[in-house]
Amino acid sequence: MRSTLLTAFSIACIALPAKSHEFWIEPVAFQIESGDVVEAHLRVGQNFEGASQSFIPRNFKRFEYFQENRTEDVIGVVGDRPAVKLQTERDGLLILVHQTNDKSITWNTWKKFVNFLSHKDAGWVIEEHLANGFPKEDVREVYSRYAKSLIAVGTGAGNDELMGLPTEIVALENPYTGNMADGIRVKVFYDGKPRVSAQVEVFQRGSEGNLKVFNVDTNSAGIATIPVESGAHYMLDSVVLRPATDSAAYGGPFLWESLWANLTFAVP
């Protein structure tokens with residue numbers, strides 16, 4: 001439930017667009033034949049459009065793929081773009097996993113910071129920030145990204161898995177082999193536990209390129225049902241805000257920390 005304080009700030013900032021940049025894995029093709037090369041971009045941007053990032057090991061902590069109960073590192077050459085170019089002879093659902101190193105941002109105006117928090121349904125941060133007497137200018141935040149992508153190789157058979165990321169989104173149904181008529185159920189985790197009443201932002205790119213963005217909240221079990229359409233591509237985003245766990249690290253001090261879970265897939 002949003003507080004009166006958050007409502008007041010949201011009204012004050014209503015003219016400002018939300019300026020959050022997502023990080024995601026975007027396969028060149030979400031469905032490929034067995035034996036074909038898996039290619040995927042790492043992207044940063046907004047509204048499901050963004051610049052492709054090169055394969056640069058110093059930028060990430062984990063870069064793996066999981067298939068048929070086996071996890072292997074994504075191997076690349078520095079500067080590769082797309083960042084993922086891997087050969088797999090195995091058939092079934094392939095899960096790409098990427099965890100970035102920590103980065104930082106300085107919010108130079110209070111309105112921009114409040115607008116970001118409102119957009120990510122983290123109004124409690126505003127109250128705690130003010131209660132602690134923290135400054136309203138040059139608010140420093142550290143953030144990290146936890147992206148996954150589901151790719152169907154051959155039959156695409158298999159299930160998404162909990163990959164042990166600090167926060168992540170797990171598809172409880174296979175979008176390539178399951179019945180999507182009633183939507184796809186996903187579960188959001190933080191620190192290995194379900195996130196209750198968590199906002200999931202959904203980016204839907206239709207077969208003709210049209211974009212639709214909407215929010216769905218998780219239930220008491222951390223599960224959200226996402227309505228989907230045939231032929232569309234999807235990006236799901238869910239953000240955890242918390243006090244910075246080590247304010248002296250990464251060139252700190254920092255007041256707040258955000259952890260971004262992201263999942264991409266397509267519906268045939």
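Is Arg-70 buried, partly exposed or exposed? At 45% relative accessibility, Arg-70 is partly exposed, where buried means under 20% relative accessible area, exposed over 50%, and partly exposed in between (1.4 Å probe, protein chains only). The model is predicted, so local features need pLDDT of at least 70 and side-chain atom pairs count only at pLDDT 80 or more, while totals for chains, interfaces and linings use all residues. Residues are numbered from 1 along each chain as its sequence is written, and side-chain values use heavy atoms, with hydrogens and water left out.

**Salt bridges**

A salt bridge is a side-chain nitrogen of Lys or Arg within 4 Å of a carboxyl oxygen of Asp or Glu. The model has 14 salt bridges by this rule. Three of them are listed here.

| Pair | N to O distance |
|---|---|
| Lys-120 and Glu-22 | 3.4 Å |
| Arg-70 and Glu-72 | 3.1 Å |
| Lys-148 and Glu-168 | 3.0 Å |

Glu-72, the partner of Arg-70, is partly exposed at 26% relative accessibility.

Lys-148 and Glu-168 form a salt bridge that links distant parts of the chain, 20 residues apart: Lys-148 is in strand E10 (residues 139-153) and Glu-168 in strand E11 (residues 167-171). Both Lys-148 and Glu-168 are buried. Helices (H or I, at least four residues) and strands (E, at least two) are DSSP runs, numbered from the N terminus.

Lys-120 forms a salt bridge with Glu-22, and this pair links parts of the chain 98 residues apart. Lys-120 is in the loop between helix H2 (110-119) and helix H3 (124-131), and Glu-22 is in strand E1 (residues 22-27). Lys-120 is buried at 6% relative accessible area, and Glu-22 is buried at 2%. Glu-201 and Asp-237 are linked with Glu-22 and Lys-120 in a network of salt bridges.

**Helix H2**

H2 is largely enclosed by the rest of the structure, because 7 of its 10 residues are buried. Among them are Trp-110, Phe-113 and Phe-116. Asp-121, which follows H2, has a positive phi near 60°.

**The largest pocket**

On a 1 Å grid over the protein atoms alone, a pocket is an open set of points where a 1.4 Å probe fits, with protein on both sides within 12 Å along at least five of seven lines; lining residues have an atom within 4 Å of a point. The largest pocket is lined by 24 residues, and His-21, Val-44, Lys-103, Tyr-143 and Arg-145 lie nearest its centre. E10 gives the most to this lining, with 4 residues.
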